[in-house]
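Please look over the sequence and the structure below before reading on; the report that follows takes up a few local features in turn.

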Amino acid sequence: VIIPDRVVRDPHQLVQVLANQDVTRIVLVPSLLNAILDAYPDLQNRLPKLRFWACSGETLPVQLVQRFRRIMPQATLLNLYGSSEVAADATWYDTAQLGANSPSVPIGRPIANTQIYLLDAHLNPVPVGVPGEICVGGTGVARGYVNNPELTADRFVLDSFSEDPDACLFRTGDLARYQPDGNIDYLGR
């Protein structure tokens, strides 16, 4: 179901369309999820078939995850991370794993056919707990920017971790660190 922007901007209309269309899965930004939860504290009753929610495009706050879990206890909420240069999403995290005292919601682990490297300024891997730039490799990485060779050369670099001599990494400019369990914490730009 493709929902017009004018409907998406109105949480009441949006929930009505989702209910009428029997939507079972949705991808949305956290700010829209927050607006929907503000509009309907009884959301589970209104959207019982909508069991799979994925947030992307903005940082997902811990408080929003906790609120979602209270209002939609039967549903799954994923936190996704990515950009258009890497076919939209590169990592995923099931928020059901989030601990009660977690300070932030991890962006998780790479999706299939994707590699995530946290690298220092010299493009060397950083150890667990140390901030590094998120660099994405794999089949979803674009070839570069159209008609912008300078930006392409800056952001798309040789993937020295791949056996494929033509493989490249996308340097996101975002910082993150590995948790001891292998999940990734997003730290910002």
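**Terms and basis**

Helices (H or I, at least four residues) and strands (E, at least two) are DSSP runs, numbered from the N terminus. This is a predicted model, in which local features need pLDDT of at least 70 and side-chain atom pairs count only at pLDDT 80 or more, while totals for chains, interfaces and linings use all residues. Residues are numbered from 1 along each chain as its sequence is written, and side-chain values use heavy atoms, with hydrogens and water left out.

**Tryptophan 92**

Tryptophan 92 is found in strand β4 (residues 91–94), and because its relative accessibility is 37% it counts as partly exposed (buried means under 20% relative accessible area, exposed over 50%, and partly exposed in between, with a 1.4 Å probe and protein chains only). Apart from neighbours within four places in sequence, tryptophan 92 is in contact (heavy atoms within 4.5 Å) with residues including Leu78, Leu80, Ile107 and Pro110.

**Helices α3 and α5**

The axes of helix α3 (residues 30–39) and helix α5 (residues 62–71) come within 11 Å and cross at roughly 45°; axes are lines fitted to C-alpha atoms, for helices over the stretch in contact, and angles run from 0 to 180 degrees between N-to-C directions. On the α3 side the contact is made by Pro30, Leu33, Asn34, Leu37 and Asp38, and on the α5 side by Leu64, Arg67, Phe68 and Ile71.

**Strands β1 and β2**

Strand β1 (residues 25–28) has Ile26 and Leu28 on its covered face, and Arg25 and Val27 on the uncovered one. In β2, tryptophan 53 is the bridge partner of isoleucine 26.

Methods:
Two strands pair if DSSP finds at least two bridges between them.
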